[in-house]
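I opened my notebook and loaded the model. I wanted to look up a few places and write down what I found.

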Amino acid sequence: MTVSLLTSRVRCAVAVALCSAFFLGITEAAAAPLRLALIEGLSGPFSNAGQAVLRNLQWAVDRVNAQGGVQIDGQRVPLQLDRYDSKGQSDDALTALRAAIDRGTPIVLQGNSSAVAAALVDAIDKHNDRDPARRVLFLNYSAVDPALTNESCSFWHFRFDAHAEMRMAALMSVLRTDTTLHSVYVIGQDYSFGRAFAREVRAQLAQVRPDVRIVGDELHPIGRIKDFLPYATKILASGAQAVLTGNWGNDLTLLIKAAREVGFAGTFYTFYGNALGVPTAVGEAGVGKVIAVAEWMPNAQAPVTRAGGAPAADTTSSSAAMYRAFRQRFPQPADDYFHLRMQTMVDLLVQAIDQASTSVVEKQEKGKTTKGGDILAWARNLEQVHTKIDGQLAAMRADDHQFQQPLVVGVMDRQGTKGVRYDVEGSGYGFRVLRTLHAAETERPTTCKMRRPHQ
């Protein structure tokens, strides 16, 4: 080997070493992502609902990262969404929680089951008391049992969905105006939320329409019924003019489909009848008959009437633009279930963390030592977050960590009819908005007695 060739190879090796060291330095200097643990039923009987959540939250995270991520200790860091399949079971969710904590994850996201949410709240409370150096926040986007922000409230838990009492108030704002309605059948899933739904039907119906009789009131096993024809037959035999149900996922789709098969022609008042296969399964029979409530619907920008009869402004809004962007990202009809509250939840989390980092900089300039990755500071900021949804105020209530936001009630109708620009899941049917309610119109008192940490 000649000296020149050896020298050349040595120079090359040195150059490679220097390049490697340079890129290693960049990697080490780059801040680690902020982990968010999605603990959800991504398989099993409600996997369609879990996958819809995953799409929404991943898109929310991608939007944040496209804007530079979140600021912690003066650095912009990306969000990272880690998924854990709980199969909809509390035991699996608790196992996932332990795994997420072991990975240093400070934010937990869950919603599709109030029973699972209750188990997570209890476990996170105990963990945060035992290990304050690794505290965890729990952001809830769908578990709507009122107890979670009442007698079981926790400083570390924040709910961004309207709970069952609030949603029921929205439904009742429509039901109360149906003067032809005299009898209803109440049916739900046999777990904490299903029982809360049934209690709230009885309580609010007695207030707003005491003349309406409840001719059936029953619960069924959650996620286990494959054939709802026996239940549908009882509904038909009862003579009920309407069904009130908090069912969701396949339990709702199969129930409504069975009711139509036996010839039930009444109205369905639901919390979740606006997606996940319901419009496709019901078809033409659902027009004017399936009513749902949500924090937002795709046709919400059409002129509607507020509760009380006042006209609402036409809002060709930022939320509508966000919905169109979501549909471009997920063009398949089966993927069409946009949750505005999940986008809002992630945006407000970033707002709270950014605010904590700004406070850190201000304190450091005054000679105080502190850290931006302070879970307690994030939680205290989350108590104060607020935003506007199509011009209407939405804010976290510090007393119980229940998000107060506008709600809309819609009825299934054919795409192309007045007020139905968008259909659902390519079915040809969408939801025409009947009522838009301000946050103050659905706000309910709380019994929460918050136990707050001092540091």
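**Entry: before starting**
I noted that this model is predicted.

**Entry: H7 and H8**
I looked up helix H7, residues 229-238, and helix H8, residues 250-261. Their axes come within 8 Å. I read a crossing angle of roughly 55°. Angles from 65 to 115 degrees would count as roughly perpendicular, and those under 35 degrees as roughly parallel. H7 and H8 are therefore oblique to each other. H7 passes H8 in a right-handed crossing.

Next I asked which residues of H7 meet H8. From H7 I listed Leu229, Ala232 and Ile235. Across from them, in H8, I listed Leu255, Ala258, Ala259 and Glu261. I sorted the residues of this contact by type: 6 are nonpolar, 1 is charged and none is polar. An α-helix has 3.6 residues a turn, so residues three or four places apart point the same way.

**Entry: His220**
I moved to His220, which lies in strand S9, residues 213-220. Is His220 buried or exposed? I found a relative accessible area of 0%. Buried means under 20%, so His220 counts as buried.

Then I checked the side chain of His220. A polar contact of 2.9 Å joins it to the side chain of Asn247. I also listed what His220 touches, leaving out residues up to four places away in sequence. Among them are Ile187, Gly188, Gln189 and Asp190. The list also includes Ile225, Phe228, Tyr231 and Asp251.

**Entry: Ala49**
I found Ala49 in helix H2, residues 47-66. Its relative accessible area is 6%, so Ala49 is buried too. I then looked up how Ala49 sits relative to Leu276. In sequence, 227 residues separate Ala49 and Leu276. In space, they are 7.0 Å apart, C-alpha to C-alpha. Ala49 touches Leu276, and also Asn112 and Trp248, not counting residues up to four places away in sequence.

**Entry: H12**
My last stop was helix H12, residues 375-382. How many of its 8 residues are buried? I read 6, so H12 is largely enclosed by the rest of the structure. I wrote down the buried ones: Ile375, Leu376, Trp378, Ala379, Asn381 and Leu382.

I also looked at the start of H12. There, a side-chain oxygen of Asp374 reaches to within 3.0 Å of the backbone nitrogen of Leu376.

Key: Residues are numbered from 1 along each chain as its sequence is written. This is a predicted model: local features need pLDDT of at least 70, side-chain atom pairs count only at pLDDT 80 or more; totals for chains, interfaces and linings use all residues. Side-chain values use heavy atoms; hydrogens and water are left out. Axes are lines fitted to C-alpha atoms, for helices over the stretch in contact, and angles run from 0 to 180 degrees between N-to-C directions. Helices (H or I, at least four residues) and strands (E, at least two) are DSSP runs, numbered from the N terminus. Angles under 35 degrees count as roughly parallel, over 145 as roughly antiparallel, 65 to 115 as roughly perpendicular and the rest as oblique. A crossing is left-handed if the near helix is turned anticlockwise from the far one by less than a right angle, and right-handed if clockwise. Contact means heavy atoms within 4.5 Å. Ala, Val, Leu, Ile, Met, Phe, Trp, Tyr, Cys and Pro count as nonpolar, Asp, Glu, Lys and Arg as charged, and the others, Gly among them, as polar. Buried means under 20% relative accessible area, exposed over 50%, partly exposed in between (1.4 Å probe, protein chains only). A polar contact is a pair of N or O atoms within 3.5 Å; within protein, one must be able to donate a hydrogen and the other to accept it, and residues adjacent in sequence count only if both atoms are side-chain atoms.
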